[in-house]
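Hi everyone, thanks for coming. I'd like to walk you through one structure, so please have a look at it with me.

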Amino acid sequence: MTFWLGVAAADHVRRGVTLGFAQIGHGKRGGLARMRAGDSLVYYSPRASLDDEKPTLRAFTAIGLIPDDDIWQADDGDFQPWRRRVDYVADAVEVPLASLHGALDLTRDPHWGYQLRRGLIELSAPDHALIHAAMTGSNPRV
């Protein structure tokens, strides 16, 4: 099992949660192809919306498991993003990064945010466990 951290605006994450899919890197296939059935995906949202000029949210906004290895291309008119199914935890709550900042391996380096520009990075198992517990109130079954 690999633990992934995807980066997207919260409004995009909410749409994916509602429809049960993940989309990474503005619809590119590469990030999704790195994931495998059984992997976990956590979304971090620096902003509430892409329309926001400043990163004002800074929260973990969704968590779920990748149930299969299927990747498909959606047809949203002029936009045809790649997507894959995710079984999101229905009762997960948003967790501000500030509440976990000092405890995460992810944020140990003072320039930790630069890696998020890739849109998808691997999380350590301890970081995943902390985020999962904060979002769900329980420890993950790994």
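**Aromatic rings, a core and a pocket**

Let me start with two residues: Tyr 44 is buried, and Trp 112 is buried as well, where buried means under 20% relative accessible area with a 1.4 Å probe, protein chains only. Before going on, a word on the model: it is predicted, local features need pLDDT of at least 70, side-chain atom pairs count only at pLDDT 80 or more, and totals for chains, interfaces and linings use all residues. Residues are numbered from 1 along each chain as its sequence is written, and side-chain values use heavy atoms, leaving out hydrogens and water.

Back to our two rings. Tyr 44 and Trp 112 make an edge-to-face aromatic pair, 6.5 Å centre to centre with 75° between the planes. For a pair, the ring centres of Phe, Tyr or Trp (its six-membered ring) lie within 6.5 Å, and edge-to-face is over 60 degrees between planes. Tyr 44 sits in strand 3 and Trp 112 in the loop between strand 8 and strand 9, 68 residues apart, linking distant parts of the chain. Strands here are DSSP runs of E with at least two residues, and helices are H or I runs of at least four, numbered from the N terminus. With Phe 60, the two residues form one aromatic cluster.

Now the core. The largest nonpolar core has 18 residues, and Leu 5, Tyr 44 and Phe 60 are among those with the most contacts inside it. Such a core is a set of buried Ala, Val, Leu, Ile, Met, Phe, Trp, Tyr and Cys residues joined through side-chain atoms within 4.5 Å. Strand 1 gives the most to this core, three residues.

Which residues does Leu 106 touch, beyond its neighbours within four places in sequence? They are Leu 5, Trp 112, Gln 115, Ile 121 and Asp 127, counting heavy atoms within 4.5 Å as contact. Leu 106 itself is buried, with a relative accessible area of 9%.

Last, the largest pocket, with about 720 Å³ of space. A pocket is an open set of points on a 1 Å grid over the protein atoms alone, where a 1.4 Å probe fits, with protein on both sides within 12 Å along at least five of seven lines; lining residues have an atom within 4 Å of a point. The volume is the space filled by probe spheres set on the points. Of its 32 lining residues, those closest to the centre are Val 7, Ala 8, Ala 9, His 26 and Leu 50. Helix 1 gives the largest share of the lining, five residues.

Methods: Buried < 20%, exposed > 50% of the residue type's maximum accessible area, 1.4 Å probe, protein only. Phe/Tyr/Trp six-rings, centres within 6.5 Å; stacked < 30°, edge-to-face > 60°.
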